[in-house]
Amino acid sequence: MKLFLHSMKYGNIAHYDWEMTLLEEREGFLIAEGKAGRSLKHHTKGQTFKIPHASLEVYALQEGFTVSFDILDGEVISVYCNISEPCIRDGADVSFIDLDLDLLWNKESGWHVVDEEEFEENRVRLNYPNDLAAYARQALSDLQERIRQNVFPFDGSLEDRIARIAVQTSKQKHS
């Protein structure tokens with residue numbers, strides 16, 4: 001089943017749109033695959049980009065994050081986590097409010113927080129209520145704790161799916 005993802009900024013401002021394939025629904029989570037070469041429409045930049053890597057993505061329906069395991073040439077090259085309001089599913093449409101803070105992992109830098117300046121700027125520019133700003137900070141802390149404690153999606157339970165996608169990207173590289 002196709003999923004149509006809609007990332008919004010606070011105030012329901014369109015940010016990104018892209019398409020994924022739903023693989024699994026777990027209690028409170030959607031797990032989806034993105035093919036290399038898929039399009040991402042970036043509303044705030046007015047451009048459409050081709051994503052060069054495949055991904056396994058997790059959308060939390062009850063918690064404040066999304067996770068993308070980015071896979072290229074047979075390996076996970078990065079993990080990109082958006083801090084957000086919980087995702088909302090309406091049939092094939094999944095939307096979430098991106099709260100700017102991101103938690104990233106790559107081989108060079110390990111885990112690190114990015115876009116804190118963007119968060120502070122948008123907090124003022126988009127007039128985030130104080131409770132929403134506090135929610136974003138707490139969601140970031142909760143996500144970091146999930147990683148430390150090896151809690152889903154960082155518990156290894158997605159390794160088979162990631163490995164399958166990695167094998168496909170490795171085959172593409174050598175074709």
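Student: What joins S10 to S11, and through how many residues?
Tutor: In this predicted model, the link from S10 to S11 is a hairpin of 3 residues.

Student: What makes S10 and S11 a pair of strands?
Tutor: Pairing requires at least two bridges. S10 and S11 (residues 110-114) have 5 bridges, in the antiparallel sense, so they count as paired.

Student: Which sense does the pairing of S1 and S10 take, parallel or antiparallel?
Tutor: Parallel: S1 (residues 2-9) is joined to S10 by 5 bridges. Among the positions involved, Ser7 has Phe96 of S10 as its bridge partner.

Student: How many bridges are there between S8 and S10?
Tutor: There are 6, with S8 (residues 75-84) and S10 antiparallel. Val79 is bridged to Trp105 in S10.

Student: What makes S9 and S10 a pair?
Tutor: The threshold is at least two bridges, and 3 bridges join S9 (residues 88-90) to S10, so the antiparallel pairing holds. Asp90 is opposite Asp93 in S10. The hairpin of these strands has 2 residues between them, and Gly91 there has a positive phi near 65 degrees.

Student: How do you know that S10 is mostly covered?
Tutor: By its count of buried residues: 11 of the 14 in S10 are buried. Buried means under 20% relative accessible area.

Student: What is the nearest side chain of opposite charge to Asp102, and how far away is it?
Tutor: Asp102, in strand S10 (residues 93-106), has Lys9 as its nearest oppositely charged side chain, 6.9 Å away. A salt bridge needs the nitrogen and the carboxyl oxygen within 4 Å, so Asp102, though buried, has no salt bridge.

Student: Which residues does Asp102 touch, not counting those up to four places away in sequence?
Tutor: On one side of the list are Tyr80, Cys81, Asn82 and Ile83; the others are His112, Val113, Val114 and Asp115.

Student: Why is the pair of Trp18 and Phe96 called edge-to-face?
Tutor: A search of the whole structure finds 7 aromatic pairs. For Trp18 and Phe96 the ring centres are 6.3 Å apart and the planes are at 80 degrees.

Student: What does the pair of Trp18 and Phe96 tie together?
Tutor: Trp18 lies in S2 (residues 13-26) and Phe96 in S10, so parts 78 residues apart in sequence are tied together. Both Trp18 and Phe96 are buried.

Student: Why is the pair of Phe29 and Phe65 called tilted?
Tutor: The angle between the planes is 40 degrees, and the centres are 6.1 Å apart. Planes under 30 degrees would count as stacked and over 60 as edge-to-face, so 40 degrees falls under tilted. Phe29 is in S3 and Phe65 in S7, 36 residues apart, and both are buried.

Student: Which residues do ring pairs link into a cluster?
Tutor: The cluster consists of Tyr10, Phe119 and Tyr128.

Student: Which members of the largest nonpolar core touch the most other members?
Tutor: Val58, Val67, Phe69, Ile83, Phe154 and Leu158, in a core of 34 residues. Elements supplying at least two residues each include S3, S6, S7, S8 and S10, along with helices H2 (130-149) and H3 (159-174). H2 gives the largest share, 7 residues. A second, separate core has 13 residues, among them Trp18, Met20, Tyr59 and Cys87.

Student: What is Phe69 in contact with, leaving aside its neighbours within four places in sequence?
Tutor: Its contacts include Ala54, Leu56, Val58, Val79, Pro153, Phe154, Leu158 and Ile162.

Student: Which residues of S4 are on the covered face, and which on the uncovered one?
Tutor: In S4 (residues 39-42), Leu40 and His42 are on the covered face, while Ser39 and Lys41 are on the uncovered one.

Student: What makes S4 and S5 a pair?
Tutor: They share 4 bridges where at least two are needed, so S4 and S5 (residues 47-50) are paired, in the antiparallel sense. Ser39 is opposite Lys50 in S5. Their hairpin has 4 residues between the strands, with Gly46 in the turn at a positive phi of about 65 degrees. S4 is also joined to S2 by 3 antiparallel bridges, where Asp17 stands opposite Lys41.

Technical notes:
Residues are numbered from 1 along each chain as its sequence is written. This is a predicted model: local features need pLDDT of at least 70, side-chain atom pairs count only at pLDDT 80 or more; totals for chains, interfaces and linings use all residues. Side-chain values use heavy atoms; hydrogens and water are left out. Buried means under 20% relative accessible area, exposed over 50%, partly exposed in between (1.4 Å probe, protein chains only). Lys and Arg count as positive and Asp and Glu as negative; His and the chain ends are not counted. Contact means heavy atoms within 4.5 Å. A nonpolar core is a set of buried Ala, Val, Leu, Ile, Met, Phe, Trp, Tyr and Cys residues joined through side-chain atoms within 4.5 Å. Rings of Phe, Tyr and Trp (its six-membered ring) pair if their centres lie within 6.5 Å; planes under 30 degrees apart count as stacked, over 60 as edge-to-face and the rest as tilted.
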